[in-house]
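Welcome! Open your viewer, get your selection tool ready, and let's take a short walk together.

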Amino acid sequence: MKRMLLTNVGELVTNDPAPDRDGGPLGIVRDAAVLVEDGRITWIGPAAHVPSHDDELRHEREQRRDGEEHRSLWDADVEVVDAGGRAVFPGFVDSHTHLVFGGDRAEEFAARMAGRRYEAGGIRSTVAATRAATDDELRARLAGFVAELHAQGTTTFEVKSGYGLSVRDEERIVRLAREVTDEVTFLGAHVVPADYADPAGDPGTGADAYVDLVVGEMLEACAPHAKWIDAFCERGAFTAEQSRRVLEAGAAMGLGVRVHGNQLGAGDGVRLAIELGAASVDHCTYLDDPEVAALAASDTVATLLPGVEFSTRQPYPDARRLIDAGVTVALASDCNPGSSFTSSMPFCIAVAVRDMGMTPAEALWASTAGGATALRRTDVGAIRPGGPADLVLLDAPSHVHLAYRPGVPLIARVWKDGEVVA
Ligand code: NIG
Ligand code: FE
């Protein structure tokens with residue numbers, strides 16, 4: 001058995017509240033220790049309660065005398081990691097990324113920063129670059145992003161398709177994504193591809209023909225590799241009716257529902273997501289009061305993506321308003337080459353705290369347990385006995401430093417299933 005004792009943790013954020021823990025939902029244990037056996041957490045508690053080697057030897061003698069079989073923490077190799085009083089929290093759960101694509105859109109970003117508006121149509125230039133890339137090129141790029149995620153403390157992540165938009169290319173993308181994560185989302189309904197747009201370049205009548213393809217042959221090819229179905233319900237992408245067709249077809253194939261909605265303006269995405277019992281509706285930048293109330297009354301998580309508003313110079317979503325209304329909020333990176341080319345959850349936390357009205361504790365919860373809820377996962381996003389040892393050691397005494405020291409590389413070590421990944 002492989003054992004690790006992570007001890008002398010100044011602040012252990014468990015996301016497992018209990019009366020003797022502080023930090024509300026963060027369930028903080030101070031001066032803590034965590035025991036990991038074969039990649040799973042088997043014990044957490046005060047570091048002072050970890051039995052010393054001498055205690056164990058005494059206990060062993062007593063048990064031998066009583067004829068009991070002895071099992072000691074110290075009777076096999078145990079790796080002791082001294083956290084030096086620093087903070088440890090659950091690995092980030094990034095519930096929204098688009099990491100399989102070719103090319104980049106740095107020029108488009110520069111043009112935006114010079115005053116041009118963001119438009120969903122930019123997606124089509126990434127589609128051309130993605131179709132031109134080989135499987136091995138896409139796989140190598142993806143491996144680089146996974147290393148980037150790990151280095152920044154993310155241990156669970158979702159990956160969406162959406163830059164292939166043909167049967168062959170969407171199938172390739174979900175298949176490659178499945179090589180690196182269980183959380184794969186089929187987003188054939190990202191935008192109407194150029195080959196289906198009418199000559200003026202508008203989605204036009206070609207959109208319905210494209211939706212026929214998405215709900216037919218494309219879904220058939222992609223569903224075996226995917227867990228989720230998603231649609232971009234927005235002006236310039238898909239109408240509520242088109243999105244509903246796609247989402248219902250995916251659900252009929254056993255996929256869970258997620259929606260991109262209310263990103264660029266008021267729209268039908270949030271209402272549709274709630275009606276279909278989606279696990280999450282993502283963006284949620286433009287919401288009216290009835291939509292906020294409906295979200296609060298539903299099981300649909302509102303996933304906010306601060307990197308998008310940062311990179312498109314749009315107003316940030318109002319996390320404070322959502323939390324105060326009782327909505328479950330998650331934060332995610334939306335890492336993609338167009339609207340948000342960051343893979344950094346610490347960056348998203350810093351922006352959410354500075355500009356979206358979240359406290360550092362709320363932002364950390366939203367990036368860990370919130371992301372897990374958005375993926376309907378109960379195993380990740382927390383540190384509790386029985387769960388996987390997905391842990392982040394922060395080079396700081398508390399989680400507040402994630403927002404307090406923006407841009408500083410504070411992620412000291414990251415374990416995924418008990419293995420060091422960064
Ligand atoms: O989540 N909203 C739609 N899709 C992506 C943008 C993709 C792009 O611009 O390439 C998003 O922001
Ligand atoms: Fe997205």
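**First stop: Y163**

Select Y163: beyond its neighbours within four places in sequence, Y163 is in contact (C-beta atoms, placed from the backbone, within 7 Å) with H98, V100, F101, T126, V127, T130 and I173. You are looking at a predicted model, in which local features need pLDDT of at least 70, side-chain atom pairs count only at pLDDT 80 or more, and totals for chains, interfaces and linings use all residues. Residues are numbered from 1 along each chain as its sequence is written, while chains are lettered from A and ligands numbered from 1 in the order in which they are written.

Is Y163 buried or exposed? Y163 is buried, because 32 other C-beta atoms lie within 10 Å; the cut-offs are 20 or more for buried, 12 or fewer for exposed, and partly exposed in between, with C-beta atoms placed from the backbone.

**Next: Q263**

Now select Q263, which is also buried, with 27 C-beta neighbours inside 10 Å. Setting aside neighbours within four places in sequence, Q263 is in contact with E234, H283 and T285. The unreviewed UniProt entry lists R105, Y163, H190, Q263 and S339 under "binding site"; such annotations may be inferred rather than shown by experiment.

**Then: ligand 1**

Show ligand 1 and what surrounds it (C-beta atom, placed from the backbone, within 6 Å). Among the residues there are G122, T126, F232, H260, Q263, D334 and S339.

**Last stop: V34**

Finally, select V34. Leaving out neighbours within four places in sequence, V34 is in contact with L6, V9, L12, I41, I44 and I383.

How values were computed: Two residues are in contact if their C-beta atoms, placed from the backbone, lie within 7 Å.
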